[in-house]
Amino acid sequence: GVYIDTQTANGVGYAFAGTSVLAQDASVIAYNPAGMGALDQGNYLSGSASLVLAQTEFNGTNSASISPIVPTGSINDRIDRKLVVPSFQYVYKSEQPYAIGISVSPMYGNEGEWNDQFIGRYKGLKTEVTGMNFNTSFAYALSPQLMFGLGINYLDFDATLTRKAAPLVNTSTPPPIYVGDAQGELQGDGDGWAANVGVFWRPTQDIDLGLTYRSETDLKLDGSLTITTPKTKLTTPATVDISMPQSVSLGAAYRFKPKWTALAEVTWYDWSVLPAFSAVNPATNVVVYEEQLHFRDGFRSSLGALYQITPATQLRFGTAYDKSVVQSSSE
């Protein structure tokens with residue numbers, strides 16, 4: 001349920017507001033292919049690496065063990081993450097009214113691991129998800145004010161999900177004794193295709209508007225499910241069919257003073273397309289792993305501003321609001 005938006009180092013400064021219309025460098029291809037048409041003639045190369053420091057906390061207030069002899073586990077836990085998110089873009093803007101470009105960057109990702117004694121260990125323990133996106137785009141300008149863009153995306157997806165499978169109990173001598181947990185690890189990788197289209201419109205000299213749409217990506221992951229206990233280790237093949245969401249973004253830039261530009265962006269993500277997923281043994285067609293997600297649609301909004309101190313120096317301001325797609329326990 002995490003979409004990675006750090007496709008450009010510039011965008012960090014203005015909270016990625018107006019990325020659908022800011023044609024400042026090659027990174028515009030990652031947000032709106034039509035924006036390439038607003039660049040001056042020439043070759044553009046852009047790259048960045050973003051360091052993400054994230055923290056997730058869990059605090060339980062009402063808990064009970066699944067069995068009198070099985071420990072409840074820690075009801076307060078925290079995950080600290082350190083991630084480096086790289087990206088790369090190249091654009092060629094021709095003398096003619098067209099431009100072409102390529103982009104390589106992670107688009108979806110999540111990573112974290114709870115303590116082995118976490119109270120929710122039977123729901124989830126460790127997550128590693130990476131979705132690398134390879135994009136080729138084309139833009140055409142009908143006029144200096146109106147441009148269209150089209151992109152083809154190849155998504156390479158890898159995921160590993162780990163959770164405690166079941167408590168192990170020694171019943172050879174009364175009373176039964178809890179001796180630990182079995183552990184299940186689901187691992188898979190796959191790929192899929194998607195399209196994105198965009199429009200760039202400059203109704204006046206001071207206003208830019210951008211609209212972009214990305215289609216849903218259907219993925220089939222091939223991998224395995226491994227169950228581990230102190231005495232045995234069993235691995236079975238597994239396949240998972242999942243979909244990554246479609247999205248729509250609307251951005252605007254307004255140059256209200258010679259040195260000032262106001263920015264805004266809203267994006268909708270169709271995360272409800274992924275309410276749950278099941279891993280199936282392809283040989284027997286039996287479900288071997290199931291995860292209920294109950295994702296709701298995501299909505300992100302951001303506001304920003306640019307102040308051009310000198311032709312080579314720019315100050316950037318921004319703030320963004322992005323609500324989790326995971327429903328709370330009260331919902």
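Colleague: Which residues line the second largest cavity?

Modeller: Rolling a probe the size of a water molecule over the atoms shows where empty space is left. In this predicted model, the second largest cavity is lined by Thr8, Asn10, Tyr14, Thr19, Leu22, Gln24, Asp25, Ser27, Val28 and Tyr31. Its volume is about 70 Å³. By class, the lining of the second largest cavity holds four nonpolar residues, five polar and one charged.

Colleague: How many cavities of 30 Å³ or more does a search of the whole structure find?

Modeller: The search finds two. The largest cavity holds about 350 Å³ of space, and 27 residues line it. Nearest its centre lie Tyr3, Ala30, Tyr31, Met107 and Ser247.

Colleague: Which element gives the largest share of the lining of the largest cavity?

Modeller: Strand 3 does, with four residues. The elements giving two or more residues to this lining include strand 3 (98-113), strand 4 (126-143) and strand 7. By class, the lining of the largest cavity has nine nonpolar, 14 polar and four charged residues.

Colleague: What about pockets? How many residues line the second largest pocket?

Modeller: A pocket is an open set of points, whereas the probe in a cavity cannot get out. The second largest pocket is lined by 23 residues, and Leu22, Ala23, Gln24, Asp208 and Arg255 are nearest its centre. Strand 6 (177-204), strand 10, strand 11 and strand 14 each give two or more residues to that lining. The pocket contains about 400 Å³ of space. Its lining has twelve nonpolar, four polar and seven charged residues.

Colleague: Which residues form the nonpolar patch on the surface?

Modeller: The patch consists of Leu150, Val197, Leu211, Tyr213, Val248, Leu250, Val266, Trp268 and Phe299, with about 720 Å² of accessible area together. Strand 7 (207-214), strand 10 (247-257) and strand 11 (260-269) each contribute two or more of these residues.

Colleague: Why does Phe299 count as partly exposed?

Modeller: Phe299 has a relative accessible area of 46%, and the class runs between 20% and 50%. Phe299 lies in strand 14 (residues 298-310).

Colleague: And the chain as a whole?

Modeller: The protein chain has one helix and 15 strands. Of its 331 residues, 41% count as buried. Along its principal axes the C-alpha trace spans about 85 × 45 × 30 Å.

Definitions and conventions. Residues are numbered from 1 along each chain as its sequence is written. This is a predicted model: local features need pLDDT of at least 70, side-chain atom pairs count only at pLDDT 80 or more; totals for chains, interfaces and linings use all residues. Side-chain values use heavy atoms; hydrogens and water are left out. Patches are made of residues with over 30% relative accessible area and no salt bridge: like charges are joined within 9 Å, nonpolar side chains (Val, Leu, Ile, Met, Phe, Trp, Tyr) within 5 Å. Accessible areas come from the Shrake-Rupley method with a 1.4 Å probe; for residues, only the protein chains shown count as cover. A salt bridge is a side-chain nitrogen of Lys or Arg within 4 Å of a carboxyl oxygen of Asp or Glu. Buried means under 20% relative accessible area, exposed over 50%, partly exposed in between (1.4 Å probe, protein chains only). On a 1 Å grid over the protein atoms alone, a cavity is a set of points where a 1.4 Å probe fits but cannot get out, and a pocket is an open set with protein on both sides within 12 Å along at least five of seven lines; lining residues have an atom within 4 Å of a point. Grid points are joined across faces, edges and corners, and a volume is the space filled by probe spheres set on the points. Ala, Val, Leu, Ile, Met, Phe, Trp, Tyr, Cys and Pro count as nonpolar, Asp, Glu, Lys and Arg as charged, and the others, Gly among them, as polar.
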